[in-house]
Amino acid sequence: MSTLRLFSRLILRPLLREPIRTALTLFAVALGVAVVVAIDLAGQAAAGSFHSSIESLTGKTDLITSSTGGLNEHLLAELSQLPYPFDIAPRIEDFASVEGKGEAVPFIGLDLIGHHIAQFDEQNPEQAAMLLAAPNPVWVGSRLRLQPGATVHLLINDVLRPYTVAGVLKPQPGEIGEQNVIVADIGLAQLVTGKTGKLDTLDVRIPAGESIEHWRQVLAANVPTSVDVEPQGARTDENRKMLSAFRWNLRVLSYIALVVGAFLIYNTISVSVVRRRNEIGVLRALGATRGFIAVGFLAEALFFALAGSAAGLVLGRLMAIGAVALIGRTVQSLYVSSEPSPIQLTFESAATGVTLGVVNSLLAALAPAVEAAYVAPVEAMARGREEYNAARRSRTIIWYALLMLAAGGVLSQLPAFHGQPLAAYLAVLLLIAGTAAAIPTIVSLFSRFATHGIQRLFGTEAMLGLRSLRASLGRTSVLTAALTTAVAMTASVGIMVGSFRETVAVWMDNQLKADFYLRPAGSSSADRHPTMAASIADRIAQLPDVAAVDRFRAYPISYQGLPATLAGGESTTSTHFLPGENASAILRAWPTGDYAVVSEPFANKHNIKVGGIVTLPLAGAKRSFKVLGIYYDYSTERGYVILARRTLLKYLPDTASSNLAVILKPGVDAAAIRQAIDNIIAGRAVLVFANSDLRRGAIEIFDRTFRITYALEAVAISVAVMGIAGALLAMVIDRRREFALLRFLGAGQPQVRAIILCEAGLLGLLSNVIGLILGSALSLILIFVINKQSFGWTFQFHWPVGMLLSALSVVYAATVLAALYPAHTALRMNPIEVIHEA
Amino acid sequence: MISPNSVRYPEGDPHLSFLMAILEARSVAKVYQTEGSPVTALAGVSLKVEPGQFIALVGRSGCGKSTLLNLCGAMDFPSTGEILIDGQSTSTLTDSQLTHLRRQKVGFIFQSFQLLHTLTAIENVELPLLLAHQPNARQTAAERLRWVEMGELANRYPHQVSGGQQQRIAIARALAHNPRLLLADEPTGNLDTTTGDLVLDLLRRTATQFSVAVIMATHSVESASIVDRVVRMRDGRIGA
């Protein structure tokens with residue numbers, strides 16, 4: 001009880017006396033925690049939905065058999081005749097766009113007649129028969145908001161057909177997958193998806209008694225070697241594994257806001273210690289132990305941490321809504337079709353957020369709290385002596401700073417650990433810490449050498465502001481470090497994204513040489529490859545002004561436990577191979593046998609070199625393909641294995657195409673050809689893109705995928721600026737006698753305001769410059785180490801000058817604006833009252 | 001020690017300033033509005049101070065000494081009456097005009113020295129010159145420090161010198177811009193007797209050598225013995 005009373009009087013009451021500063025610090029902590037929680041929740045939601053629709057519809061399945069290009073439906077009969085009590089259910093899996101618009105939803109074909117599925121139970125067998133007899137009957141999930149009996153047009157591949165809504169699936173408690181799915185009888189599904197005679201999977205329920213692995217081996221022994229037999233959830237695990245690098249990188253970005261918050265907590269507690277030196281002395285004289293003093297200040301940090309984290313959880317839950325939307329589209333574009341599952345603030349997520357917030361704050365407060373514990377009772381240290389000592393300490397700390405920077409440089413060269421660039425993350429942390437430690441020295445040197453220049457360029461007030469910056473080194477260097485960290489993050493991510501964008505733009509210039517591109521209508525995704533009828537390509541190729549039509553067919557596959565794409569193409573003249581590879585020799589040999597070219601992400605993920613072998617289960621056997629070349633590809637992180645079209649057709653003889661590239665003869669009328677193509681595809685849901693449209697669309701997708709990173713940068717900057725506003729307010733209050741004295745010495749109100757604003761402006765300027773230099777160094781690690789180890793891509797370094805200038809200008813302006821209220825506060829104080837304060 | 005002639009006053013021969021009072025307070029009153037009843041800090045005070053005079057305002061705490069000093073220093077306005085500094089009434093001036101007036105004509109010295117602890121001695125002294133955008137601020141500040149015999153400690157911080165030395169630095173700062181009026185609020189209040197006497201002697205020399213009018217607020221009758229005139233105050237009035 002007495003502890004609580006002491007906490008209330010010594011810690012809480014002083015904080016409540018400065019509501020604005022306390023609120024700003026709390027909000028900065030809350031925002032840092034909110035970002036971490038939001039990214040975590042959004043990542044879970046984005047990754048959590050892969051399996052839900054299937055499992056909840058078909059019930060628990062133990063094993064799944066599948067094969068690239070589909071299973072021969074005779075396999076069902078063969079497996080059913082095995083002397084084992086398997087329960088085998090065939091399935092077709094595809095996607096459909098409702099009315100040809102919007103996101104595609106899963107389109108599932110199930111054996112509704114042969115298999116009991118609770119969702120489709122009808123008490124009346126006649127009713128059941130009537131439903132199945134309706135034209136193209138489908139059952140829809142409740143979120144599609146369709147009524148039984150309604151007619152709905154679904155786009156599957158390149159055909160838009162009418163279907164009859166036979167029923168709405170009954171929702172099961174706790175399950176969500178069946179709310180956004182369309183189910184048809186398997187016969188209809190085979191027909192409309194163009195998979196007649198084929199099945200996508202056979203779902204197997206095993207008998208009790210033996211393990212899943214036992215039955216997996218039994219089944220594997222009775223199917224062709226090109227058929228995979230996997231436990232339920234393996235595909236989900238693959239998708240999750242693929243997403244893990246993406247999620248980890250987002251998580252690390254979100255932690256930057258926490259790091260910035262740590263600087264601000266350090267500053268807040270340091271300010272507390274300085275202000276209360278007399279109190280500390282009195283308490284020690286009254287019998288308080290060193291431990292009591294240290295715990296008291298840690299308790300203040302804990303207050304900020306707990307209150308801030310609680311607010312951060314609520315804020316994070318709200319922010320997760322926006323984050324899911326941003327992340328979901330990125331996942332869709334670059335990785336896999338999925339509908340995000342509902343956001344759930346689980347105990348685990350909440351505990352992680354609060355723990356990170358608390359640990360971060362306590363660690364940040366440790367040094368000033370321990371320092372407070374060693375204030376001698378009789379020692380009345382003037383603030384000047386403390387700042388003087390801070391300046392002296394900086395001469396020692398610089399060596400530690402250089403050591404950290406060097407260690408960061410070394411760590412950045414180390415390879416990935418279990419596929420994660422952990423050494424590179426640590427290198428980033430060391431570079432940030434080393435730079436922060438070097439800031440007092442940098443500020444001192446800048447002040448020493450730039451004073452005359454500053455005065456000449458900007459006047460006496462600016463020079464006095466610079467002098468104040470140097471004079472309050474202990475505090476201002478922490479604020480500078482906080483803002484520098486946020487600026488560095490903005491700059492490094494901005495350079496990384498700018499480099500990526502420029503690389504993609506150059507790559508598209510090289511890669512996209514055709515005049516028109518065609519693909520089936522509907523939304524696109526990294527793992528969905530709807531097809532167009534083969535006749536479309538044939539008819540376009542016969543047009544007199546068409547030089548060539550390159551057909552491309554893609555299949556999603558799994559390779560070494562990660563999703564990838566197998567494709568067949570016709571021409572790779574525009575493919576940009578890695579340096580040192582002979583493109584013409586590759587292209588000559590490629591169609592002549594079982595040869596493949598692979599994309600750079602695929603090669604890096606699976607450690608494939610030129611001359612290596614990629615073995616794929618196709619057409620009843622394991623087929624080996626020699627890798628002739630590795631090419632740059634930025635369309636997806638999944639990775640491509642591309643065979644010559646004729647080679648692919650040997651094993652998967654489906655002549656439909658996923659997309660077409662139409663190359664015109666020189667000098668022809670492109671508009672007329674476009675019209676001719678439109679005539680050919682009339683009645684089919686096929687999109688035609690001109691070269692420029694495709695590039696524009698690709699860049700739009702690119703920009704959209706990075707919106708989440710821009711949002712995280714904005715949060716980090718906001719945390720820093722808010723913290724600086726609070727810290728400047730505290731500084732102004734602490735230096736009120738100084739400002740009052742200036743008024744006595746002849747300073748006008750505009751001068752006092754100008755000194756404070758100049759101090760903030762110089763703080764912003766230093767932060768921007770140091771942040772830009774640090775950010776550039778970090779961007780090298782991001783581009784050439786973290787990105788390479790996480791995603792397998794090579795970027796060319798590029799300075800996005802416009803973006804950097806505008807971002808840094810915003811930061812600078814925000815910093816100066818943050819000083820307006822503190823300046824106003826300083827001027828509101830009556831100098832006579834202040835100067836005579838005890 | 002620097003000769004008084006090297007401290008240049010821009011307004012010509014200081015002896016001529018005897019012709020006009022540097023400070024005149026005419027029936028000045030100051031009433032503060034508080035949450036309860038209004039508080040009268042000064043009630044009809046009149047005072048005239050000539051250049052070169054050293055005046056002591058003596059009285060107990062709360063008698064209005066500091067209030068009168070603040071009004072004389074153009075830091076505040078009287079509720080009624082008028083304050084004229086070098087013939088100029090402060091009541092009619094705007095805030096920026098008052099600031100300008102202080103820059104040119106008024107210097108302050110405080111009981112607790114009020115040096116900026118994060119600046120060195122010379123940086124403290126040159127502060128008013130920098131605020132006034134005066135050229136050669138560093139050189140002038142060095143001269144002032146030498147005059148108060150603190151030249152060798154120019155690069156020390158306040159916490160590195162004694163209380164008496166701090167007050168001497170504060171005096172150098174107050175004289176940096178060649179004021180005509182020096183206002184000292186309990187300048188020896190935080191000093192021991194010996195050091196306090198040294199500071200009083202310095203103030204005496206300031207008044208005599210530079211013809212600066214010095215008004216010192218003090219509750220110590222003993223420290224008033226060095227002055228030209230003692231003005232006793234009680235309950236906001238001048239009187240016995």
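In the predicted model, strand β1 (residues 23-32) of chain B is joined to β2(B) by seven bridges, and the two run antiparallel. Strands are DSSP runs of E of at least two residues, helices are runs of H or I of at least four, and both are numbered from the N terminus; two strands pair if DSSP finds at least two bridges between them. Tyr32(B) stands opposite Val39(B) in β2(B). The open sheet has four strands in the order β2-β1-β4-β5 (chain B), with antiparallel pairing. Its edge strands, each pairing on one side only, are β2 (39-49) and β5 (88-89) of chain B.

Local features require pLDDT of at least 70, side-chain atom pairs count only at pLDDT 80 or more, and totals for chains, interfaces and linings use all residues. Residues are numbered from 1 along each chain as its sequence is written, chains are lettered from A and ligands numbered from 1 in the order in which they are written, and side-chain values use heavy atoms, without hydrogens and water.

Glu24(B) lies in strand β1 of chain B. Beyond its neighbours within four places in sequence, Glu24(B) is in contact (heavy atoms within 4.5 Å) with Leu47(B), Lys48(B), Glu82(B), Ile83(B) and Leu84(B).

Chain B contributes 29 residues and chain A 31 residues to the contact between them. Four salt bridges (a side-chain nitrogen of Lys or Arg within 4 Å of a carboxyl oxygen of Asp or Glu) are found across the interface. Arg470(A) forms a salt bridge with Glu123(B), with the closest N and O atoms 3.3 Å apart. Helices α1, α2 (95-105) and α3 (121-131) of chain B each supply at least two residues of the side touching chain A; the largest share, six residues, comes from α3(B).
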